[in-house]
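This report looks at the surroundings of a ligand and then at the packing of a pair of helices.

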Amino acid sequence: MENPQANRISDPIELRQCVQNIVAEVPTIDMHTHLYPLEFGGLSLSGIDELLTYHYLVAELFRSAAITPEEFWNLKKHEQADVVWRSLFVENTPLSEAALGIITILNSLGIDPNTDDLDAIRDHFRSPNKAEHVNRVFEIARVSEVVMTNDPFDSAETAIWDKTGKLDRRFHAALRMDRMLNDWKTTAREFSYDENVSGKTVTKLRSFFDDQIASMKPLYMAVSLPDDFDHAAKDARNLLIREVVMPTAREHSLPFALMVGVRRGVNPALRSAGDGVGKGDMRSLEMICAENPDVKFLATYLSRENQHELCVAARKFSNLMPFGCWWFLNNPSIISEITRERLELLGTSFIPQHSDARVLEQLIYKWSHSRRVVAAALYDSYERLLLAGRVISTVEIERDVTKLFSGNFRNFVGLGLV
Ligand code: RAT
Ligand code: ZN
């Protein structure tokens with residue numbers, strides 16, 4: 001290891017530039033996405049029509065266009081994309097984070113974002129070599145690896161796992177537990193489990209997950225939870241967490257990721273764009289961390305109001321790793337606030353961001369926008385250090401930035417450093 005004291009920077013302007021450069025360049029591991037490698041065929045989304053019909057933009061469309069959700073869903077994908085383009089990019093200025101994201105993507109790929117002509121943009125995306133395009137996007141975004149979201153109860157997905165030999169090694173799996181933990185009755189009926197979670201059902205589920213883990217080799221298990229998740233409640237979800245998820249986590253040394261605060265289907269007519277947010281109760285996370293000191297927990301909350309208490313909880317439980325600025329929080333003003341809060345309360349012991357990308361090229365804007373904000377927050381921390389009398393070196397900055405953008409996650413899930 002280089003001498004951490006080497007190359008100390010005492011000039012604030014030079015320091016700012018140095019932090020920006022290091023953060024812009026450092027390779028990141030994107031620890032939560034909905035991306036799939038090309039081997040997954042139709043599940044692997046890419047291109048301008050997929051980008052424009054992203055649910056973040058669809059939700060915004062209905063604020064600006066006269067079209068009803070029903071009319072919109074009756075359109076073909078490219079027609080939906082036409083409507084979104086016309087409404088959010090031609091008839092309105094693309095100022096929202098998701099709309100601005102499209103502009104960043106086009107610009108980064110060398111496509112003129114000042115045109116109104118969507119067909120001309122489509123021509124640019126007709127890439128003859130899909131694998132090269134994936135490499136290019138990863139390179140531009142400086143993303144070295146991504147973690148997928150893999151539903152073991154989805155037969156379309158598991159069929160691919162069964163027949164796919166070698167996957168693109170940059171794509172890691174994460175075992176998603178939503179169907180079991182959020183819709184147990186339906187899942188039990190569909191897969192012939194006992195609704196009352198009998199001992200036999202626990203045994204069957206444990207061996208089902210053992211098999212899934214053997215084939216997918218996930219880095220962690222995960223669930224998204226509603227705002228009213230209460231770990232003290234006597235319900236099937238908590239029983240399944242205690243009897244199935246925790247023992248599986250222990251046996252396979254797999255962390256469990258909790259994503260709390262989503263209110264599904266607040267406006268069902270909007271389909272995937274219809275989910276909302278609610279404030280979660282941090283006591284449940286504290287309880288699960290305290291009950292299971294030998295299990296590691298990754299946690300992210302959807303409500304801005306939960307962010308400070310999540311930092312406080314992480315100060316109490318070293319088996320808890322806060323991560324990302326999730327979904328409605330993935331906006332520069334809020335990322336800035338959350339990152340500063342985390343730096344002040346946790347130093348560098350957190351994971352500042354994940355992309356939640358569903359369409360390949362989204363990696364470009366989600367990461368470039370976040371890097372800028374995280375760099376500014378980090379610089380301000382170093383500046384305070386400088387004012388207090390401690391000069392920081394480039395070696396130390398590189399060490400900190402590497403931890404934030406990959407090391408903390410790798411270490412937490414036992415992935416090993418590259
Ligand atoms: O951010 C999103 O794309 C959401 O729709 C959800 O997928 C969320 O991230 C989740 O993983 O449940
Ligand atoms: Zn997600």
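## Ligand site

In this predicted model, an oxygen atom of ligand 1 is 2.7 Å from an N or O atom in the side chain of D356, a polar contact being a pair of N or O atoms within 3.5 Å. A polar side-chain atom of Y56 likewise lies 2.7 Å from an oxygen atom of the ligand, and for the side chain of R264 the corresponding distance is 2.9 Å. The protein covers 97% of the 300 Å² of accessible area that ligand 1 has on its own, as given by the Shrake-Rupley method with a 1.4 Å probe.

Residues around ligand 1, with a heavy atom within 4 Å of it, include H32, H34, H55, W326 and W327.

## Helix packing

The axes of α6 (residues 97-108) and α17 (residues 362-388) come within 8 Å and cross at roughly 110°, which makes α6 roughly perpendicular to α17 (65 to 115 degrees).

## Basis

Local features need pLDDT of at least 70, and side-chain atom pairs count only at pLDDT 80 or more, whereas totals for chains, interfaces and linings use all residues. Residues are numbered from 1 along each chain, ligands are numbered from 1 as written, and side-chain values use heavy atoms, without hydrogens or water.

Note on methods:
Axes fitted to C-alpha atoms, helices over the stretch in contact; angles between N-to-C directions. Helix = DSSP H or I, 4+ residues; strand = E, 2+ residues; numbered from the N terminus. Parallel < 35°, antiparallel > 145°, perpendicular 65-115°, else oblique. Polar contact = N/O pair within 3.5 Å; in protein donor to acceptor, adjacent residues only side chain to side chain.
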